[in-house]
Each structure stands twice: as C-alpha cells, then as structure tokens.
Amino acid sequence: MGQTLILHNARIYTLNPHQPQAEALAIRDRRIIAVGETHAIVSMEPNAERYDLQGGVVIPGLTDAHLHLEHYALSLQRVDCETDSLEECLQRVAHRAAESPPGTWILGGGWNQNRWKAGYSSASDLDRVAPHHPVYLSAKSLHAGWANTLALRLAGIEAHTPDPQDGRIGREANGEPNGLLFEGAMKLVEQVIPETTEERLVEALDAAQQALWRLGITGVHDFDRRKCFAALQRLHAQRRLKLRVLKSIPLEDLPHAVALGLRSGFGDDLLRLGPVKIFADGAVGLRTAAMFEPYAGEENNRGMLFLDAEALHEHGRMAVSHGLSLAVHAIGDRAIHEVLNAFEGLLKEAPAQAEGNLSLRHRIEHVQVIHPQDAHRLGKFGIIASMQPIHATSDMAMTERYLPDRAAQAYAWRTQLQHGAVLAFGSDAPVESPNPFWGLHAAVTRRRRDGAPGPQGWHAEQCLTMKEALLGFTQGAAYAAGMEHRLGMLKPGYLADLLWLDIDPFTCAVENIKDILPIGTMVDGEWVYLAR
C-alpha cells in the first residue's frame, strides 16, 4: 500500500452533489480516499505526506471528449496555417521551404478561407513560394486540403481524374485541378505522403500529452486511426502514457474489431476502446454539412450526405450486436435527422435499451445545426450530445452567412440539456485549440475571446452556467466513456485526477475564464505538471 498524500489549504469544487466543496483531500494508490475539512483530513493520518495548495482552487481533471490526437501531436511540428491573411500563410510556407531540403514534403494545417479576403487560394500560390517541394495543407475543418502542383502530380491527380464518390476535386474552368480537395478527395494526396514512423509518432504523442497537461487536460477521447492506437499502446507499455485515452474504432475497421471480439470498454483506466466512428456528412464552413434546405445563395447546394438512416442502421446493427457503441459525426440538420432515425431503428430492435436506458454509450459528434422537431430526440433515446463549445464562437459569423435562418438552432447546448441529453464537451483539436478554459469561456459567454459579438453573446439563450459547462468536460465526458463511477468528480473511491488553479472559475469575471491556466495537473495521484 502506497503512502498517503494530503492536499490541503484549498477551495475544492468536488462536483459531488452530496459534498460540493471541501478544504482538503487525501489520496492513496491513485485514488481519493477522503474529502473534507483540513483538520479532519490531516488528523486522519499524521504521517502522511502533505502538500500545501496555498489557498488555491481545485477542480476535477478535464477531459476533451472529441480530439484528433495524432493530428494534434503532428500539428505541433507542422506549419501553422491559421492566419488572418493568405499572404501570411504563404510566408510561413516559404519560410519552411527555405529551411527544408528540396523534394521533402511541407505539411501544415489550420487554414480557413472564411478569414481571408480572397477566400480560397490555389495550387499556383503554393507553387510560387515552394516550387521544389510537394506541399499539402489541411483546412481548419479537416474536411478540405490544399496542395501545390508537385503534390498533385505525385498523387496522379490531373484533368481526367474522376471525383471520388465521397469527395470532390477542385477544378479550373478548363477542368485542370486547382489544388483544392474536398472530403474524400483529400485521401488522393494523403495516401502518397510518406508515413510518419511509429517511433516518431510515439515521441510526438508524448510531447502532445505534456502540452495538454499544461492546459489542464487529463484525458481525451481520440478519433484518429490505427497508427495512433498502435503508438499509444507502445507509449503505455513503456509506462509513459499518463493521459487517459478513450480510443475510437474507424468504421473501416469494424469487421476486424468484430472478428477479434473487441468490445467498447476493453482496456484499462488509461487506454480503453470506445465507440465506432462513422461520418454522416461534412462541415458547414465548406457547405458540405447535409441540410434540409439550401445554403444561402446556393439554391442547389444542400451539402453532402455520406450515409442515410438505412446504411447507418446496417453498420449500427453489426456494431451493437457485438458490444460496440457508435459515435456518428453529424453536423447538418438532415444528417442529424438521418442518424436519429437510425438510432431509433436500432432501439426498436433492442427495446430493453430504449428510452434513455442504453447499456452502450452511443453519441452524435458535433450536433451543430439540429432541426427543432429533432431537438428532443437525443435525450429521449439516451444519445450523448458530444459538442464543442469553442466551435460556436469560431463559426458564428460563418453560420450567420451560410445559414442565417437556422442560426438560432446552432450549437444549442442549453436546448439539449433541457431535453435531458448528456453533454460531453471537447475541442476537435487541432481544428480548434484544445485549451479547455477557452471552451468553458465560450460555453458560458457565447463570445469570442476578443469580446465579439458583444456583452450579450451570440444567441445568449444557449449560454450555460459555469457548473453546467464544467460538467460537460468532467462527468459528461466520463459518462460517455463508461467511467462515471470513477472519474468526473472528487470523492472517495474516484481516481485522483485534478487541477490546481490560482483563479476561481466560479467567482472570477466571466471574461477572465479564458485566461486560466493550471498551476498543477495531477493524473492518478501524481503531479504530471507543476508550474512552480
């Protein structure tokens, strides 16, 4: 039995409704063993190791319930294309080209054509700044790519290359490819990029978990693919993984998972299998999210529906019958409607799991624009609303532009709470920053970090309280992972994941929430990060 560690002299928000606040807690063998007043906790074990938190604030560790861990880890090493102008992005590519040997790939991501006056760029711009390097830059949404001519040539993309079934190649008026690749067409270039070795990815993931600890992230739900899972297993075997990871299964690997007898929840408290990830549509920014009505100014564009209810039902039946839960990416109102229809059909086949009593934790990822007639159905069927508050503040201008008559139904967290849905909050990093305090600020204020659109926030009726928002990053995420009985609050028997803060998110001015950074981050009773 290990030594007891006592944290004291703190204002502790436990999120335990039966003991909301405390002054001290005791930890032994990775778990909390007692929570209460300082005198009572200190006197229970006079020989325990004591750690004075100097009047600071303690909250449970925060989980990012939707993150692309491999993409995030590699993005820390690639060209950052999230700029306010096309020219600045091109300058960054030119700088990387100047320091890279000719012929090596230049990779980056984060560009958002909606922030650039000129809108989309083309291969010719990249050719100008990097003529001797293949260049491939993914969009902020991860639903589009931008390549130069050399990269297109290496991928075999030319005027006569047909569009893949689930994507589109951007073209000039004469049919020549213009360097833009949408949805499934991105794979044409991505498959010729030299693969990152597993050894390099292990080191990138180790660096990424350290970056996440500094932000207050103690766990993630990862939606990248097999290579990431293999690298995480190596990191775990080396006893270097100290970030809790729920690992999704790509749809293309569903038959393999079934053949091996894998089930959601397999693993341990650090690395475990989660849901099967399925895409039902695209993204609003690229106008590929599947909508019932056309996008403003595009009367023939209702987005792209990748799978309808019937197809989703078939995949879902195979997964559910073998103990695998589902996580379906659905952003547009039509896509969400089709996904809910599929879930309803699955529940009719398993009535014992109906009406919110699902043994498998199914979820819809993003739920960005839901039709009012469907708003109650996630709560009714027990489907988790896996949403990203920071998307609302990043996307509000774009949503007003493309979906002006549907903006009131966008990013509707409070509506989902009112209908009884469990909220699990994340960031979609590297699409957005994984900083959870930026996410909490967005959830509470519906304002960008610069204060826009004003004091009331964007559709302020959807604002959450700090406790409601914090539950999305703690208990909601724990529930989605099937770990709600040992994660998400600070109470005896729970795993000792927590943050030490010097700003109280419950009492500070709301505009200061975004500035919070942990003094310390603890996972499994161990300080994995200390700023002092």
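**Basis.** I am working from a predicted model, in which local features need pLDDT of at least 70 and side-chain atom pairs count only at pLDDT 80 or more, while totals for chains, interfaces and linings use all residues. I number residues from 1 along each chain as its sequence is written, and side-chain values use heavy atoms, with hydrogens and water left out.

**Pocket.** I looked up the second largest pocket, where a pocket is an open set of points on a 1 Å grid over the protein atoms alone, at which a 1.4 Å probe fits, with protein on both sides within 12 Å along at least five of seven lines. Its volume is about 480 Å³, taken as the space filled by probe spheres set on the points, which are joined across faces, edges and corners. I find 20 lining residues, a lining residue being one with an atom within 4 Å of a point. Glu82, Arg115, Thr393, Ser394 and Arg448 lie nearest the centre of this pocket. The lining divides into six nonpolar, five polar and nine charged residues, with Asp, Glu, Lys and Arg counted as charged, Ala, Val, Leu, Ile, Met, Phe, Trp, Tyr, Cys and Pro as nonpolar, and the others, Gly among them, as polar.

**Helix 13.** Which helix gives the largest share of that lining? I note helix 13 (residues 389–402), with eight residues; helices (H or I, at least four residues) and strands (E, at least two) are DSSP runs numbered from the N terminus. A kink of about 60° is centred on Asp395, the bend being the angle between axes fitted to the seven residues ending there and the seven starting there. Thr393 and Asp395 are among the buried residues.

**Backbone angles.** I looked next at the loop between strand 19 (423–425) and helix 15 (436–445), which holds Pro430 and also Asp428. The peptide bond joining Ala429 and Pro430 is cis, with omega about 10°, and Asp428, though not a glycine, has a positive phi of about 65°. Is Asp428 buried or exposed? Asp428 counts as buried because its relative accessibility is 7%. Arg239 likewise has a positive phi, near 60°, but counts as exposed at 74% relative accessibility.

Technical notes. Buried < 20%, exposed > 50% of the residue type's maximum accessible area, 1.4 Å probe, protein only.
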